[in-house]
Amino acid sequence: MSALVGIITEKCPKCGKGKVFTKKGNPLLFQMPRMNERCPVCSHKFEKEPGYFFGSMFVSYAVTVGEMIVFFLLAHLFIESFVTIVVLIGLMSILLSTFNFRLSRMIWIYMFDGGGRQV
């Protein structure tokens, strides 16, 4: 359960205290999230090697598809126009892009780097 809390709160997988992201990002202002290179508390390095987060793209894809399916099923109950639903799904995916970016990186970090938490 502590890993899930760490992912949601975007805390370091090793110490559980330091923030991973310095900037949340804003898709409306075309700003991407910004990560710390190291944990400000325990100096744990987040990006182990160049391309370390390449796999988080697949996690992001899965998260986005899941969100789209849930949104489609809910919107289909209230909206009859298929085109309107598709446009709303497109808008939703743009608005949630920075959230999905952060979430997928956090899931990736905790999958491959979250095992040795020191309390």
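Here is a quick tour of the predicted model above, from its overall layout to its core, ring pairs and surface.

Some ground rules come with the model: residues are numbered from 1 along each chain as its sequence is written, and side-chain values use heavy atoms, with hydrogens and water left out. Since this is a predicted model, local features need pLDDT of at least 70 and side-chain atom pairs count only at pLDDT 80 or more, while totals for chains, interfaces and linings use all residues.

**Layout and confidence**

The protein has 4 helices and 2 strands, taken as DSSP runs numbered from the N terminus (helices are H or I with at least four residues, strands are E with at least two). Along the sequence they follow the pattern α-β-β-α-α-α. The C-alpha trace spans about 50 × 30 × 20 Å along its principal axes. As for pLDDT (the predictor's confidence in each residue, from 0 to 100), the protein's mean is 89, and 94% of its residues reach 70 or more.

**Core**

Of the 119 residues, 33% count as buried; that label means under 20% relative accessible area, with exposed over 50% and partly exposed in between (1.4 Å probe, protein chains only). A nonpolar core is a set of buried Ala, Val, Leu, Ile, Met, Phe, Trp, Tyr and Cys residues joined through side-chain atoms within 4.5 Å. The largest one has 16 residues, and Val20, Met35, Phe46, Phe53, Met106 and Ile109 have the most contacts inside it. H2 and helix H4 (97–113) each supply at least two residues of this core, and H4 gives the most, with 4 residues.

**Ring pairs**

Rings of Phe, Tyr and Trp (its six-membered ring) pair if their centres lie within 6.5 Å; planes under 30 degrees apart are stacked, over 60 edge-to-face, and the rest tilted. That rule gives 4 aromatic pairs, including these two:

| Pair | Centre to centre | Angle between planes | Type |
|---|---|---|---|
| Tyr52 and Phe53 | 4.9 Å | 80 degrees | edge-to-face |
| Phe72 and Phe82 | 6.3 Å | 75 degrees | edge-to-face |

Phe72 in helix H2 and Phe82 in helix H3 (residues 82–95) are 10 residues apart, so this pair links distant parts of the chain. Tyr52 and Phe53 are both buried. Phe72 is partly exposed at 28% relative accessibility, and Phe82 is exposed at 55%.

**Surface**

Leu77 lies in helix H2 (residues 56–78) and is exposed, with a relative accessible area of 64%.
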